[in-house]
Amino acid sequence: MARVLLPSVLRPHAGGERELEIEGSTLRQVLDAVRERSPALERRLRDESGALRRYVNFYVDGDECRTLDGLDTPVDAATEVMIIPSVAGG
C-alpha cells in the first residue's frame, strides 16, 4: 500500500488523517481509492474530468508526478505520495 502524506490544510477533508495507506499500482488508482474513501478530499485534488488540479503538486517518492508519467506514474507498497497544494498570498 502506498503512503499518501497530507499537509495540514487538507487533513480536515480526510477526517483529520495525516497519512493514508492506499492500495493501487498507479497514482490514478491511488487517487481513485482516495475518492472512494474521502470524496471531500478528492474534490481538492482532481477536477470534474479527473485531471490533476493545476495548483496541487503530487510528489511520488520525491519527484513531481508531472515530470514522470502523471496519473499513470507507477506506485508500489514502498511508494510515498506527498500532496502539496500551492499557497498564494499577498
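Two strands are said to pair if DSSP finds at least two bridges between them. Helices (H or I, at least four residues) and strands (E, at least two) are DSSP runs, numbered from the N terminus. The model discussed here is predicted: local features need pLDDT of at least 70, side-chain atom pairs count only at pLDDT 80 or more, and totals for chains, interfaces and linings use all residues. Residues are numbered from 1 along each chain as its sequence is written, and side-chain values use heavy atoms, with hydrogens and water left out.

Q: In what order do the elements of the chain run from the N terminus on?
A: The secondary structure of the chain comes to 2 helices and 5 strands. Read from the N terminus, the elements follow the order β-β-α-α-β-β-β.

Q: What is the order of the strands in the open sheet, and which are the edge strands?
A: The sheet is open, has 5 strands and shows mixed pairing, with the order 2-1-5-3-4. An edge strand pairs on one side only, and this applies to strand 2 and strand 4.

Q: In which sense, parallel or antiparallel, do strand 1 and strand 5 run?
A: In general, strands of a sheet pair through backbone hydrogen bonds, in either sense. Strand 1 pairs with strand 2 over 4 bridges in the antiparallel sense, and strand 3 with strand 5 over 5 bridges, also antiparallel. Strand 1 and strand 5 are joined by 3 bridges, and their sense is parallel.

Q: Which residue of strand 5 stands opposite L5?
A: L5 has a place in two pairings: in strand 2 it faces E19. In strand 5, the residue opposite L5 is M82.

Q: What relative accessibility does L41 have?
A: L41 is placed in helix 2. Contact means heavy atoms within 4.5 Å; not counting residues up to four places away in sequence, L41 touches L6, L10, H13, A14, L20 and V34. L41 counts as buried because its relative accessibility is 0%.

Q: At what distance does the side chain of T73 reach the backbone oxygen of G70?
A: T73 lies in the loop between strand 4 (63-64) and strand 5 (80-85), and it counts as buried because its relative accessibility is 3%. Leaving aside neighbours within four places in sequence, T73 is in contact with S25, T26, L27, V60, C65 and L68. A polar contact is a pair of N or O atoms within 3.5 Å; within protein, one must be able to donate a hydrogen and the other to accept it, and residues adjacent in sequence count only if both atoms are side-chain atoms. The side chain of T73 reaches the backbone oxygen of G70 at 2.7 Å.

Q: What phi does D61 have?
A: Most residues other than glycine have a negative phi. D61 lies in the loop between strand 3 and strand 4, and it counts as partly exposed because its relative accessibility is 48%. Although D61 is not a glycine, its phi is positive, about 50°.

Q: What radius of gyration does the chain have?
A: The radius of gyration is taken over C-alpha atoms, and the globule rule is 2.2 Å times the number of residues to the power 0.38. The C-alpha trace spans about 35 × 30 × 25 Å along its principal axes. For 90 residues, a compact globule would have a radius near 12 Å, which agrees with the value for the chain, 12 Å.

Notes: Buried means under 20% relative accessible area, exposed over 50%, partly exposed in between (1.4 Å probe, protein chains only).
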